[in-house]
Amino acid sequence: MSTPAMSVDLVEHLADREIIVVCGSGGVGKTTISAALGMAVAATQQKRVIVLTVDPARRLATALGLRSIGTDPVTIDPARLRRLGLRPRGELVAAMLDMKSTWDRMIERYAPTRESARRILANPFYKGISNTFIGSQDYMAMEELYELHSGREYDCVIIDTPPTRNALDFLEAPNRISDFVGGRLLMWLARPSLIGWRAVNFAAAPFLRIADRLLGSDVLEELAEFVREVQGLYSGVQERARSVYRLLRSADTGFVVVTTLEPQPFGEAEFFCTKLREYSMPLRAVVVNRVLPAALLDPAGVTAATTLMEDRGVARWMGEQLGERITPDVPRHLGGAFLTLHRLAERNEKQVSRLSRLGQVPVTRLPLAERDISDLAALAQLAAWLQGKGLEAA
Amino acid sequence: MLGELLSRRVVFVAGKGGSGKTTISAALALLAARAGRRVLCIEVDAKGDLSRSLGSPPVGFTPRVVQPNISVLALHPEESLQEYLRLYFKVPRITRLTPLARVFDFVATGVPGAKDMLIVGKIAYEAKRSGSDGPMWDLIIVDSTATGHVVPQLGAPRAMRELTRGGIIRSQTEWIDALLTDQRRTLMTICALPEEMPVVEALELAERVRGEANVTIGACFLNCTFPVSITPRYVAMLNRLADSKLAGVSAERLGGDVASVVQGVRLAQQLYDRSQQYARRLRSAMNAPVVEITLEAGARPGLSATRAVAARIGEASR
């Protein structure tokens, strides 16, 4: 728009990162941008890249030329990339985050004994906790990220973050899970015998009675049993949470925040960038997606469009110039369509002046794609844009 | 379609984040209130946007009147539990009594679906609540949780029943489940945007709502469709005015350069085309009325934007 075009090669800029975390509010194109980034890295660098998505939507699979993305990593056939004119130097792999098996593996890894792991996995409450625990998906994404990174099978791990309601859910996830497993509440419940405890703790007795009446007897007891098992995981989980934070703060990691210029997602991006700074996590780049063409802000265009929309004689004039009959609808719609987009572009322009507030990092602007990104060719186009290729002064 | 929705007791408004749930909820509330119904709007993922769309500052857990015949409340599971305990166990407000707060934490994190149950339970409670003459509210509109979480939420009563043996909750879950799955009393509406992912997700959500939660879909709102119809033929005409032979004359007649307008109009044509295409796709696959709500370019969320959307819904269902 008004600032000079800065053709940053985002891929070059992120070349030294082994982990790229792509974040931003829902619907800004995180998943597609992660996939395109993966494609660009694999095309230009001799690396094995894995794109880990949390979005089960089939569309990404189609865009990558896969029938579906499963939880087992799938390699994108290099022949398909070559057909698009790319000469991939590396390898591109995609996988979907498998919540259930990541949880299961976590339990198996940290349970003190195999027997204890088995009991936890078989408990009816286990399923519920793994599904409903706040930030569970966030933490599992990190757990998987950590595993993939330490497995050394891939040179670069790109992950798009879950659509969190709040940026904090993501950044707080490691703390939250260790608080949860080791929390005072669980300590309290995990005392050797809840029944014995009931008898001695006069103050809490009425509450336990209520819980019994609410849930039916035994339910609380069973839950306490479960909680006792989970306690055994504590030291392992806590240690891992610390390692995850260390990794996310290290020079190996780069956060990329994706946003559009719409007020609401932009506001969330601003908030997220502030939080990244607070958590000492390295923001490396900002991608502004779906930028409207600068032509929409051209004052001469606005004048012409207004004439088209409002001038009653303009249809006749058009007819004379073009040598055909033109109904008044034609200029009115043409002018109206331009002015509608002009108003949108104006609203978005307000955010442009606030871009520098996100952080002193390169900003890549991607034009609003004319079509949805629905095949490899469209994804390759996006990958080229991320490298600063083929972008006009947008 | 509108009459169908407004004659129910509970209408859920669901859809992906950013798909316009809040504005649609607020617009439906305006329409219902105008038809003389006493409306309660419930904001589930409370950010205060729903009350703002109805021209009021954010509200709390106690319903507050924001427009004639419209009240709004922001739902928090913890307060919902406190209210529940107060009503059924005569437990006083417990903010200071830590043991119960702990029990809440424990139950909420430990028991699958407990938080969802407290949300759905509160909605059902408000539906059942009676005032001085008859029910307190004629219609409850729920601005639901973003993404697909609304499905497990609606299924919470059943999930709860499987885990509890006896207990008061068991019998209570039964009538709540009956209310939600009765299409004469409860309907779901789904919001979408004219883009690939939101449309796919809306269709998937509809399938899950019907299949897993057993709730009937009353309507689908396709938000932000491009408002001006533009055909490739229109664009071609303008393009001819911009080509080298006519550019000078055109610029003079129109008072400005046509090239920029051509660029903008090309994009507009694609957006219009996409809107049409996704509307057709939803119509053929949604199995429920599809209402297109055009993009209000530059409109800020607020009462006037809500009124405009309400007017469109009104027109569409005539």
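A: One definition to start: a residue is buried if 20 or more other C-beta atoms lie within 10 Å of its own, exposed if 12 or fewer, and partly exposed in between, with C-beta atoms placed from the backbone. By that rule B:Asn69, with 19 C-beta neighbours inside 10 Å, counts as partly exposed. This is a predicted model: local features need pLDDT of at least 70, side-chain atom pairs count only at pLDDT 80 or more, and totals for chains, interfaces and linings use all residues. Residues are numbered from 1 along each chain as its sequence is written, and chains are lettered from A and ligands numbered from 1 in the order in which they are written.

Q: Where does B:Asn69 lie?
A: B:Asn69 is in the loop between strand E3 (64-67) and strand E4 (70-74) of chain B. Helices (H or I, at least four residues) and strands (E, at least two) are DSSP runs, numbered from the N terminus.

Q: What is phi of B:Asn69?
A: Near 70 degrees, a positive value in a residue other than glycine. Most residues other than glycine have a negative phi.

Q: Which residue of chain A has a positive phi although it is not a glycine?
A: A:Arg290 is one, with a phi of about 55 degrees. A:Arg290 lies in strand E7 of chain A. With 17 other C-beta atoms within 10 Å, A:Arg290 is partly exposed.

Q: OK, confidence. What is the mean pLDDT of chain A?
A: The mean is 82, and 80% of the residues of chain A reach 70 or more. pLDDT is the predictor's confidence in each residue, from 0 to 100.

Q: Where in chain A is confidence lowest, and where highest?
A: Lowest in helix H11 (residues 194-200) of chain A, at a mean of 45, and highest in helix H16 (residues 299-310) of chain A, at 96. Over residues 192-203 of chain A the pLDDT is below 50, and that stretch has seven contacts in the model beyond near neighbours in sequence. Two residues are in contact if their C-beta atoms, placed from the backbone, lie within 7 Å. Residues 1-5 of chain A also stay under 50.

Q: How many helices and strands in chain A?
A: Chain A has 19 helices and eight strands. Of its 394 residues, 45% are buried.

Q: And the sheet in chain A, what is the strand order?
A: E3-E4-E2-E5-E1-E6-E7-E8, an open sheet of eight strands with mixed pairing. Strand E3 (74-75) and strand E8 (363-367) of chain A each have a single partner strand, so one side of each is left without a neighbour in the sheet. Two strands pair if DSSP finds at least two bridges between them. Strand E1 (residues 19-23) and strand E6 (residues 253-259) of chain A pair in the parallel sense over five bridges. In E6(A), A:Gly254 is the bridge partner of A:Ile20.

Q: Which helix of chain A packs at an angle of about 75 degrees with H2(A)?
A: Helix H19 (residues 376-386) of chain A, with the two axes 8 Å apart. Axes are lines fitted to C-alpha atoms, for helices over the stretch in contact, and angles run from 0 to 180 degrees between N-to-C directions. H2(A) and H19(A) are therefore roughly perpendicular to each other, a label that covers 65 to 115 degrees, while angles under 35 count as roughly parallel, over 145 as roughly antiparallel and the rest as oblique.

Q: Which residues of H2(A) and H19(A) meet?
A: Among them are A:Ala36, A:Met39 and A:Ala40 in H2(A), and A:Leu379 and A:Ala383 in H19(A).

Q: Back to chain B. What order do the strands take there?
A: The order in chain B is E3-E4-E2-E5-E1-E6-E7-E8, in an open sheet of eight strands with mixed pairing. The edge strands are E3 and strand E8 (290-294) of chain B, and each pairs on one side only. Strand E2 (residues 39-43) and strand E5 (residues 139-143) of chain B run parallel and are joined by five bridges. In E5(B), B:Leu139 is the bridge partner of B:Val39.

Q: Last one: is B:Pro194 buried or exposed?
A: B:Pro194 counts as buried, with 24 C-beta neighbours inside 10 Å. B:Pro194 lies in the loop between strand E6 (186-192) and helix H9 (196-213) of chain B. Its contacts, leaving aside neighbours within four places in sequence, include B:Leu222, B:Arg274 and B:Tyr278.
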